[in-house]
Amino acid sequence: MKSITQYLAPVAVLCLAGCAAVPSGPELDKLTADIVRASFRDQGPVKVDRLVQDDVNRECSAADVVGKPIDPTLAKTLEAANLKTVKWPSDGKYLGDWKEGEKIAQSGRGLTWTDEPGQAIGGNCYNCHQIDAKEISHGTIGPSLHHYGKLRGVTDPASPAAQPIVTYTWGKIWNAKAYNACSNMPRAGHMGILNETQIRHVMALLLDPKSPVNQ
Ligand code: HEC
C-alpha cells in the first residue's frame with residue numbers, strides 16, 4: 001500500500017512549477033479518493049469496501065459538497081429504488097419482544113474494528129434517539145422516539161400489519177433512505193446491520209403498547 005506522501009508527490013511537483021498547472025477537478029477528486037483509500041486497511045470485521053458508495057451515497061455527498069439539497073425529482077427516484085430493497089417480514093409478523101429490542105437499541109457493538117467477526121451486532125439507536133425515557137444518555141441527531149407507538153396511534157398489536165405506521169416503521173428501520181434519500185440514519189436491514197428477528201424486537205420496543213416507550 002502506498003503512503004500518503006507518495007500520493008501527494010504529484011501535487012508537490014506541480015507546486016514547485018509555480019502552481020501554474022493546477023490539477024483539474026476530476027484529477028483532484030481522484031487524488032483525494034486515492035489518499036482516503038490509502039489511509040484505511042481491513043481490520044477485524046471492518047473492511048475498506050465500506051468506502052464504496054452506491055447511487056444515493058454519491059448523490060447526497062455531492063450535494064453536501066456544494067451545500068445544497070439534492071434535486072427533489074432525483075430524491076424521489078432514489079427513495080423509490082431504496083424502498084424496493086426493503087424485505088418485509090417473511091411471516092407477516094412485525095413485532096417481537098420489546099425487552100430484546102431494548103438490548104439491541106442500546107448496543108453499538110458488532111461492526112467496529114475492535115469487535116470479533118460474527119459477534120452480535122447492535123442497532124445503536126440510542127446513539128441518535130431518545131427512546132425509553134429512563135435512559136438519560138442518548139443522542140439527539142434523530143427525533144425523540146419516546147411514546148412513538150402511542151403518539152402514532154398503534155393500539156392493536158394483534159393486527160399491526162393493518163396499520164400503515166407499522167409498515168412505515170419497518171421500512172424506515174430496514175432502509176431509512178426509502179423515505180428520505182439523504183437521511184443520516186443507518187440502513188439497518190439493507191446494510192446487514194440487523195436481521196429480521198432483531199428488527200421485529202426493535203419494532204416491539206417502539207410500537208408494542210406494553211413497551212415502556214409507550215407508557
Ligand atoms: C446516526 C444516527 C441514527 C441512528 C444510529 C438511528 N437513527 Fe433513526 N433517525 C435518525 C434521523 C436523523 C432521523 C430523522 C430523519 C429521517 O427521517 O431520516 C431518524 C428517524 C427515525 C424514525 C422515523 C421517525 C418518524 O417520526 O417518522 C424511526 C422510527 C427511527 N429513526 C428509528 C430508529 C431505530 C429503531 C434505530 C436503531 C435500529 C435508529 N433509528 C438508529 C438518525 C438515526
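Tyr 94 is buried, at a relative accessible area of 9%. Buried here means under 20% relative accessible area, exposed means over 50%, and partly exposed is in between, with a 1.4 Å probe and protein chains only. Trp 170 is buried as well, at 0%.

Before going on, the basis: this is a predicted model, in which local features need pLDDT of at least 70, side-chain atom pairs count only at pLDDT 80 or more, and totals for chains, interfaces and linings use all residues. Residues are numbered from 1 along each chain as its sequence is written, and side-chain values use heavy atoms, with hydrogens and water left out.

The structure holds three aromatic pairs. The rings of Tyr 94 and Trp 170 have centres 5.6 Å apart and planes at 80 degrees, so this pair is edge-to-face. For the cut-offs, rings of Phe, Tyr and Trp (its six-membered ring) pair if their centres lie within 6.5 Å; planes under 30 degrees apart count as stacked, over 60 as edge-to-face and the rest as tilted. Tyr 94 sits in the loop between α4 (72–84) and α5 (98–106), and Trp 170 in helix α7, 76 residues apart. Helices are DSSP runs of H or I with at least four residues, strands are runs of E with at least two, and both are numbered from the N terminus. Tyr 94, Trp 170 and Trp 174 form one aromatic cluster.

Tyr 168 is partly exposed at 28% relative accessibility, and Tyr 179 is partly exposed at 29%. Lys 172 has a polar side-chain atom 2.8 Å from a ligand oxygen atom, and His 129 has one 2.8 Å from a ligand nitrogen atom. Helix α7 (residues 164–174) gives the largest share of the shell around the ligand, three residues.

Last, helix α2. This helix covers residues 25–38, 14 residues in total, and reaches 20 Å from its first C-alpha to its last, close to the 20 Å expected at 1.5 Å a residue. The expected span is 1.5 Å times one less than the number of residues. Which residues of α2 are buried? They are Leu 31, Asp 34, Ile 35 and Ala 38. Seen down the axis of α2, the buried residues fall within an arc of 100 degrees, so they line one face of the helix. The arc is taken over the directions from the helix axis to the C-beta atoms. Pro 26 and Asp 29, on the other side of α2, are exposed.

Terms used: Polar contact = N/O pair within 3.5 Å; in protein donor to acceptor, adjacent residues only side chain to side chain.
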